Amino acid sequence: MAVVVAHEVPTSSSTMAVPHGPESVRTARRRLREDLGEHLVPEGVIDDAVLILSELLSNACRHARPLEREHGPVTGLVGTLAEEQEEVLVGWELHSDGLLTVAVTDGGGPTRPRRAAPSLTARGGRGLGIVGQLASEWGVRDAPGEVTVWAVLRVRARHARRDAEAETAAAAS
């Protein structure tokens, strides 16, 4: 007889404005790892969330502009900028239903974020493909002067989406 214990995942959210540059990735990763660890999120989910955050923030710094502040404070889908500098917003929210949302808001770029199909020898273009494999869903939200790329992970069942797809494929064969 198996005993199943359900744990309620506390609701938590965090937002931070980070400089628009690659040096921000390490800081954001560390803070996300610490915050999720304090909320007893399984280590595998933390690893996936940190990788997703790295991909989204790296893409924002490489392909997008920082948030503009011409008309007062920037209020994005993940928070508000407090200081006057070239920044992007990084945020995550742990929902009571067992889902974790990770988001990065930047000033947009010349193209809309989309999953690419790079060649085997390409040096880049795999980031959103990785996000798509790890997250149960992801997407892009546009607002005036802002673009937010977000991803949702299941905290309670790390590979729930991938397991369900494998079971469906096995049942069909």
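Author: Let's go with strand 5, which is mostly covered, with six of its eight residues buried. Buried here means under 20% relative accessible area, exposed means over 50%, and partly exposed is in between, using a 1.4 Å probe and protein chains only. Strands (E, at least two residues) and helices (H or I, at least four) are DSSP runs, numbered from the N terminus.

Before going on, the ground rules: this is a predicted model, where local features need pLDDT of at least 70 and side-chain atom pairs count only at pLDDT 80 or more, while totals for chains, interfaces and linings use all residues. Residues are numbered from 1 along each chain as its sequence is written, and side-chain values use heavy atoms, with hydrogens and water left out.

For context, the chain has four helices and seven strands, laid out along the sequence as β-α-α-β-β-β-β-α-β-β-α. Of its 173 residues, 40% are buried. Among contacts (heavy atoms within 4.5 Å) with a separation of 6 or more, 64% join residues 24 or more positions apart.

On one flank of strand 5 is strand 4, paired with it in the antiparallel sense over six bridges. Leucine 89 sits opposite threonine 105 of strand 5. The two strands make a hairpin with four residues between them, and glycine 98 in that turn has a positive phi of about 90°.

On the other flank, eight bridges join strand 5 to strand 7, and the two run antiparallel. Valine 104 has valine 149 of strand 7 as its bridge partner. Valine 149 also stands opposite valine 140. That takes us out to strand 6, which pairs with strand 7 in the antiparallel sense over seven bridges. Glycine 139 stands opposite tryptophan 150 in strand 7. Strand 6 and strand 7 form a hairpin as well, with two residues between them, and glycine 145 in its turn has a positive phi of about 75°.

What lies across the sheet? Helix 2 (residues 43-63) has 21 residues, 15 of them buried, so it is largely enclosed by the rest of the structure.

All this meets in the largest nonpolar core, a set of 34 residues in which Ile52, Leu57, Val90 and Leu100 have the most contacts. Strand 5 (99-106) is one of the elements supplying at least two residues each, along with strand 1 (12-19), helix 1 (23-38), helix 2, strand 4 (87-94), helix 3 (127-134) and strand 7 (146-154). Helix 2 gives the most, with ten residues. A core, by the way, is a set of buried Ala, Val, Leu, Ile, Met, Phe, Trp, Tyr and Cys residues joined through side-chain atoms within 4.5 Å.

Valine 90 shows how things come together: leaving out residues up to four places away in sequence, it touches Ser14, Thr15, Met16, Val18, Ala28, Leu53, Leu57, Ala103 and Val104.

Buried or exposed? Glycine 108 is buried, with a relative accessible area of 5%. Leaving aside neighbours within four places in sequence, glycine 108 is in contact with Ala64, Arg65 and Val147. The C-alpha atoms of glycine 108 and threonine 148 are 8.4 Å apart, although 40 residues separate them along the chain.

Technical notes
Expected span 1.5 Å × (residues − 1). Pairing = 2+ DSSP bridges.
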